[in-house]
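I am opening a notebook on this structure. My plan is to look things up one at a time and write down what I find.

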Amino acid sequence: MDIPTEQKGNVTVASISVKELDAGNVGDFRRSLVPVLESSTHLVMDLTRLEFVDSSGLGAILSCLRQLSAKGGDLKLCCMTTQVRSAFELVRMHRIFDIFDTPGEAIAAFAG
Amino acid sequence: MPDQEMMQPKPETARGKPSLDPRLRAFSRRSARRTFFALLPPFLAAALQNLLWGVVHPFAWFLSYPAVFFSSWFGGFRTGLAATVISALLEWWFFVPPVHNFLKSDLRLLVPAALFISTGILFSLFHERLRRSIRATSDALAERSRAEAALRESENSLRRAQAIARLGSWRLDLSTHRLVVSEEFPRILGLDPEEPLDWESFRGVVHPEDRERVELAWAQALRGTPYDIEHRIVPHGQVLWVREIAQVEFDATGRPIRGIGTVQDITPRRTVQNRLELIYRANRALSKCNQALVRATEEATLLQQICDIVVQDAGYPLCWVGRAEQDEARSVSVISQAGWQSGYLDGIQITWADSERGQGPTGTSIRTRKIVAVRDIAADPQMAPWRNEALHYGYASCLALPLLLEDQIFGALTVYAPEPDAFGPEEIALLSELAGDLAFGISALRTRARRAEAEQELLSFNAELEQRVRARTEELQQAREREGEIGNRIQQSLLLDQPPAHLSSLSISALSLPTERIDGDFYAFVEPREGSLDVIVGDVMGKGVPAALLGAATKTHFLKALGHLTAGAAGPPEPREVVMRTHAEIAHRLVELESFVTLCYARIDTRRSRIDLVDCGHTGVIHLHAATSQANLLHGDNLPLGVREEEVYDQISATIESGDMLVFFSDGITEARNPDGDLFGIGRLLDRVCSLGSAAPADLVNAIRAAVADFCLCRHLGDDLTVVAVRIEEVGIPVAHDEFAIASDLTELHRVREFVRAFSGSASAPLLPPEAVHELALAANEVASNIVKHACRGQRHRLVEVDAEAYPGRVIVRLRHSGAVFVPPPPSLPALDLPRESGFGLYMLTKSVDEVHYYRDDLGKSCIALVKYRNNRTPIGKVRTDGYPD
C-alpha cells in the first residue's frame, strides 16, 4: 500500500490513499505505516480518500496513536469523511483523537 | 330490852343478808331460843321468892344467886350479865325495903346489891370461860373423828386403786430387814399374804433370767441410783412382766436405812407393746416389699429382696422361697433365701407330693394352696422329718404361704420364728399379704417380660416391614425416575420442537420447563411454505409415559398427514384438512385408549396477513393487536380429538398485522391455582399479555411463567405449562430479494459491503437512507469478517452465503456459513485506553443495526441475520386490557 508522506517542519503528513480500510487490507496498511512511524513522531493522517473503515482499520489507527505516544509523539487526524467519522463516533474513538478538518489545522495544532 | 336482844340474834350474820343461808338462820333461831330460856331463871327466882316471902322471910338476895348462876351457865357471858341486871332490878324493886321504890334510904342496902352484881359478873365470866373450853374440846374431838374417817377412806381408796392398777407397795427397814407390804403386793407376786415376806421370798419369784439384772439394780439403788426396772416374774409358773420403782433413804452418814417402793404388773402393756412392735415390723417389711415390687426388674432379685426384708426388717431368723418343680418327684427347690447361714436348708429335701416328706408346711402349702402354720415345731408331728434339725437351729415355729400366679401354684414362702406360736392372726394376715404381693410382683414381672418380648418381636417385624417398604419404595422411585427420564427424553426429543429462528417474518419463543413428571403436552412448528408457519400446540389427557407416547404419536400423525396432503398438491393443505385427516387416523385409537387430545392447529401466513386456526377443544389463541393495543382470544368450539369420531372440524381465520403477538397456551396456565384455590384464569393471562405486549416473545414467555409462579406462591411450577409466543415481524411478501456468496477470504469483505450497498441503497429506489446503508454495510462487513476469521479459520475455499430481503418495514441481511453458531457475549465497548486494537467489531455490529439474530437455519447452516428498520418503527405500546372476555 502506498502511503505518500509529506514533511512539514517536524510534522509528517501521511495521506491514506485507500478508499476502504477493512480486515482485508489492514495488514498491508500496518506494514506500510511502519517506516512512517519509525521516522516521525508528529504525524498527521489525511483521511480525505478514505470512505470506509471497519473495526480492524480503527484498531490499526489506534495502534499508530499508541506507538507515537510511546515515544513522545502524537497522531492527529484530518479530512474525515462522514462515514469514517460515524465509524469513529460509533466506538467513541473521536474522543481520544484530535480530529481536524484540514491538514493545516492539524499541523498548526502541533505547533500550538 | 331482853326481848329485843332475843329477837336480834347474831346481828353480824343476820343483818343485811337475812335469807342468805338457811343453816345460818336455823343457828340464829337456836341461839335465840337458848337465850330466852337462859333468861327465865331470874324471873322464876323472883316469882318463887314472892311466893315464899309470906311463909318465910328469906334473905332478900337468896334465890337470885342460883338464878344468875344458871342463866350464865346456859346463856354464857352476855346472858349472865343480863340475868344479873334483871335479878338486881327485880330484887331492888320488889324485895329490898322500902319495896316498890327504887330510892332506898338506907345506903347499906347497896352492899348486898353490889355483892350480888359482882357475883353475877363472876358467874358470867366463869361460865363463859367454861363454855369456850367445852366447845374447844368438843370441836377438837369432832375434828379428830373426821380425820380418822378420811384416813380410813383414803386407805380404802389406795387399796382399791392398787388393786385396780395391779400395783403393790412395800417398805423395807434395812436395819431389821422387816418388809411391810400392801395387800396387793403378795397378790401380784403370787405369794401367800399370811406368810412373812422378805427379800429372799421376793427374789424367788423373779424370772431366773432377770434375777441378776434385778439384783444389780438393787445394789446400785443402795448406793443412791434411782431404782426403776422392768423385769419378769414367774408366779405359779406363769411369766408376768412387772415394773418396780423404789427410793432408798439414807441417814446422815449416808448409810441406807429404809427402802420404799412399788411393784406394778405391766404384763398387758408389755404384751400389747410386743405385739405392736411385731406388727410395726411386719408392716415396715410389707412397705419395703411394696417398694421392692415397684422397683423390681428381675424375678430372682425380687425374690431375694423379699426374703432379705422378711429377715432383716420383720426380724424372722429364716425365710425362703421354694419353687414347686413339675418333675416326677414333685420336688421343691430353694430358689432364694435369707437368714440361712448354717445350712438348715441344705438337707431338708422337701417335696410337694403327698408323701412323708411332703407333709411339712411348705409341701402342704403348695399342695393345698393354703397357708400352713406350725405352732410348735417341737410338738408338731408334721415336722417330724426336720424337727431335730430345726430345733438345732433354734426354729420353734414356722409359717408357709403359697405363692399363686394367676391360679397356678408357683411355690411357697416359708418363714421361721424362734419362739413357738409366733404367728398370730396379725402376723399371718400381714405375711399372707406380703406373699400375695410377691406373687403379684412375679406375675407382673413375667407379664412385663412377655410384653417386652412381644414388643421386641413386633419391632423387629416392623423393622423388616419397613425395610421391605423402603426397598420397594426405592424400586418404585427408581422406576419412576427411569420413567421420568424416558419421559423427559421423549418430551424433549419427540414432543417439543425447537421454535424456528430463521423466519424473518416471525419471532417465536416457547416455554419449555424441565419437568419432573412428563405429560402429554406437545408442540410442533412446520413451515408449509415460505412466509407461513404452522404451529401445533396439543395436550394429551393424562400424565406420564403413556400420555407422552400418545402425544408423540399424535404429533407424528399430524406431520404424516401434512406430508401426505402436501405431496402432489399445488399448495399446502388447509389446517382443517390436516386435522380431519389426522383425526380420521387416530380417533378410533384414542377412543379405544379412552383418551383424547386437545389441540390448536394454527397457520400463520405472513404473506397473506392471516391466521387460520382449528381449535380442537383447546384453549384458543390470544391475539394481541399492535395497532390497537387490544387483545382477544381466538377460539373455536370443536371437540377434542378422539372424543367423537364423526366430529367435523371447523377452521376460523383472523387478520394479522406486523407487530401483532399470538400466544398459544395450555390449560395448565389458566387453571393454575393459588393457595386460596383461585384460578389464574384467562383474564389474568390477557392482562399479562397486554401489559407485556411490546416485549420480545422470549421475555413474554418468561414473564407469563413468572406471573403464574407468583400467583401460585410456588417456586416450582407443576407440569402441563405450555406457552408459545409468536410475534408477527412482517406481513406481506418481500419487496426485494437478492443473494450471493463470497469465499471465506478477508479480501472478499468489500464485496459484501458492495452487495449490501447495492441492494439497499440503489440510486433508483433506495430501501434505506445513506447512513443506514452505511451502517448495514458496516455490520455485514463485521459479521463476514468474523466468519472468515473465526468460523472458517483461514480456510479460503469455504463459502459465506449472503442474502438480503426487503419488506415494507425493514431490510434483512443474512449471512450463512457451515461453521459453528457463534453466540457472542453481550457486546460492550472495549476500554480504549487499554493496549488493544481489536474487539470493536461486535460492538459496532450491534450498534449499527436494529436486530441481530444468531441461529441455525432449516438447512443446518449457522445464520446471522441483521435487521435494519426502514423507518422509525412504532413501538407496540401498552395495551388496554378492559373489555376482554375472561
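Predicted model: local features only at pLDDT ≥ 70, side-chain atom pairs only at ≥ 80, totals over all residues.

**Chain B overall**

I checked burial next. Chain B has 886 residues, and buried residues make up 37% of them. Then I turned to contacts between residues at least 6 apart in sequence. In chain B, 64% of these contacts join residues at least 24 apart.

**Helix 4 and helix 5**

I picked helix 4 of chain B, residues 40–55. I counted 16 residues in helix 4 of chain B. From its first C-alpha to its last, helix 4 of chain B reaches 24 Å, close to the 22 Å expected at 1.5 Å a residue.

Which residues of helix 4 of chain B are buried? I listed Pro41(B), Pro42(B), Ala45(B), Ala46(B) and Gln49(B). I then asked what the buried residues of helix 4 of chain B pack against. The partner is helix 5 of chain B, which covers residues 64–95.

I looked at the geometry of this pair. The axes of helix 4 and helix 5 of chain B are 8 Å apart, and the angle is about 40°. That makes helix 4 of chain B oblique to helix 5 of chain B. Angles from 65 to 115 degrees would count as roughly perpendicular, and those under 35 as roughly parallel.

I went on to the residues that meet. On the side of helix 4 of chain B they include Leu44(B) and Asn50(B). On the side of helix 5 of chain B I noted, among them, Phe70(B), Ile86(B), Leu90(B) and Phe94(B). By class, this contact has 14 nonpolar and 5 polar residues, and no charged ones.

**An open sheet**

I moved to a sheet in chain B. Its 5 strands form an open sheet in the order 7-6-10-9-8, and the pairing is antiparallel. Which strands are at the edges? They are strand 7 (332–338) and strand 8 (372–374) of chain B, each pairing on one side only. Neighbouring strands of this sheet are turned by 20° against each other on average, direction ignored.

I followed one pair inside the sheet. Strand 9 (residues 397–405) and strand 10 (residues 408–417) of chain B are joined by 9 bridges. Leu403(B) stands opposite Gly411(B) in strand 10 of chain B.

I also looked for a helix on this sheet. Helix 11 of chain B, residues 299–312, lies across strand 6, strand 7 and strand 10 of chain B. Its direction is at about 60° to strand 7 of chain B.

**One glycine**

I stopped at Gly259(B), which lies in strand 5 (residues 256–265) of chain B. Is Gly259(B) buried or exposed? Gly259(B) is buried, because 20 other C-beta atoms lie within 10 Å. Leaving out residues up to four places away in sequence, Gly259(B) touches Leu172(B), Leu174(B), Ala246(B) and Val248(B). I also checked Leu222(B): 37 residues separate Leu222(B) and Gly259(B) in sequence, and 8.7 Å in space, C-alpha to C-alpha.

**Where the chains touch**

My last entry is on the contact of chain B with chain A. I found 22 residues from chain B and 22 residues from chain A. Helix 20 (749–760), helix 21 (770–791) and helix 22 (840–848) of chain B each give two or more residues to the side of chain B that touches chain A. The largest share, 7 residues, comes from helix 21 of chain B. I sorted the residues on this side of chain B by class: 9 are nonpolar, 7 polar and 6 charged.

Conventions:
Residues numbered from 1 in each chain as written. Chains lettered and ligands numbered in written order. Contact = placed C-beta atoms within 7 Å. Helix = DSSP H or I, 4+ residues; strand = E, 2+ residues; numbered from the N terminus. Nonpolar A, V, L, I, M, F, W, Y, C, P; charged D, E, K, R; others polar. Axes fitted to C-alpha atoms, helices over the stretch in contact; angles between N-to-C directions. Parallel < 35°, antiparallel > 145°, perpendicular 65-115°, else oblique. Expected span 1.5 Å × (residues − 1). Buried ≥ 20, exposed ≤ 12 C-beta atoms within 10 Å, placed from the backbone. Pairing = 2+ DSSP bridges.
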